[in-house]
Amino acid sequence: MSELTHFDEEGASRMVDVGGKEVTSRTAIAESFVTMQPETQKLILDRQISKGDVLEIARIAGIMAAKKTADLIPLCHPLGINSVSLDFEPRNGTVIRVESTVKVDGKTGVEMEALTAVSIAALTIYDMCKAVDRAMSLGPTRLVEKSGGKSGHYKRVVD
């Protein structure tokens with residue numbers, strides 16, 4: 001495993017200096033899962049939750065969160081993101097898979113932005129549905145794929 005870059009030689013926290021890095025096109029894809037009762041998934045898909053269209057509100061929340069990642073995670077660089085998309089896939093009658101794709105032309109990657117997007121989207125689903133299903137659970141949340149930059153391409157092996 002490579003050395004931790006967010007600490008200096010004395011162990012103090014630092015923001016990594018990306019000044020000398022080359023600007024490249026970078027993409028990150030992340031996913032999270034929300035598990036719920038079958039009745040809750042049906043209410044979401046039928047747009048019957050009283051607070052509104054759960055998946056559209058979660059999509060907007062995830063996009064907003066990706067843009068605010070540097071405000072939420074102390075050592076992340078603020079980035080001029082090119083695009084953020086969120087998609088939702090119902091599974092097995094009790095799970096909604098949330099996927100985000102984030103793109104940037106920059107000196108550092110967008111993995112944290114993609115992970116933040118799916119995390120906040122999943123939390124938004126929970127928030128909008130907690131009145132009907134407090135037993136919902138979130139996760140796992142994980143990086144699926146990333147490309148661009150010095151470390152190259154990464155794709156999660158299906159588990």
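I note first that axes are lines fitted to C-alpha atoms, for helices over the stretch in contact, and that angles run from 0 to 180 degrees between N-to-C directions. Contact here means heavy atoms within 4.5 Å.

**Ground rules.** I am reading a predicted model, where local features need pLDDT of at least 70, side-chain atom pairs count only at pLDDT 80 or more, and totals for chains, interfaces and linings use all residues. Residues are numbered from 1 along each chain as its sequence is written, and side-chain values use heavy atoms, with hydrogens and water left out.

**Overall layout.** I counted four helices and six strands in the protein chain; these are DSSP runs numbered from the N terminus, with helices being H or I of at least four residues and strands E of at least two. Their order from the N terminus is β-α-α-α-β-β-α-β-β-β. The C-alpha atoms fill a box of roughly 50 × 30 × 30 Å along the principal axes. Of the 159 residues, 36% are buried (under 20% relative accessible area; exposed is over 50%, partly exposed in between; 1.4 Å probe, protein chains only).

**Helix 2 against helix 4.** I looked up how residues 54-67 (helix 2) and 111-129 (helix 4) pack: the angle is about 145 degrees and the axes are 7 Å apart. Among the residues making this contact are Val-54, Ala-58 and Ala-61 of helix 2, and Ile-120, Ile-125 and Cys-129 of helix 4. By class I found 13 nonpolar, three polar and one charged residues in the contact (nonpolar: Ala, Val, Leu, Ile, Met, Phe, Trp, Tyr, Cys and Pro; charged: Asp, Glu, Lys and Arg; polar: the others, Gly among them).

**The core.** The largest nonpolar core has 29 residues, and Ile-44, Val-54, Phe-88 and Ile-125 have the most contacts inside it. Such a core is a set of buried Ala, Val, Leu, Ile, Met, Phe, Trp, Tyr and Cys residues joined through side-chain atoms within 4.5 Å. Helix 4 gives the most to this core, with nine residues. I then checked Val-54: leaving aside neighbours within four places in sequence, Val-54 touches Ile-44, Ile-49, Ile-125, Met-128 and Cys-129.

**Cysteines.** I found zero disulfides (pairs of cysteine sulfur atoms within 2.5 Å). Cys-129 is buried because its relative accessible area is 1%. Cys-76, at 12%, is buried as well.

**Lys-42.** Is Lys-42 buried or exposed? Lys-42 counts as exposed because its relative accessibility is 52%. Lys-42 lies in helix 1, residues 38-45. I also noted 22 Å between the C-alpha atoms of Lys-42 and Pro-140, which are 98 residues apart along the chain.
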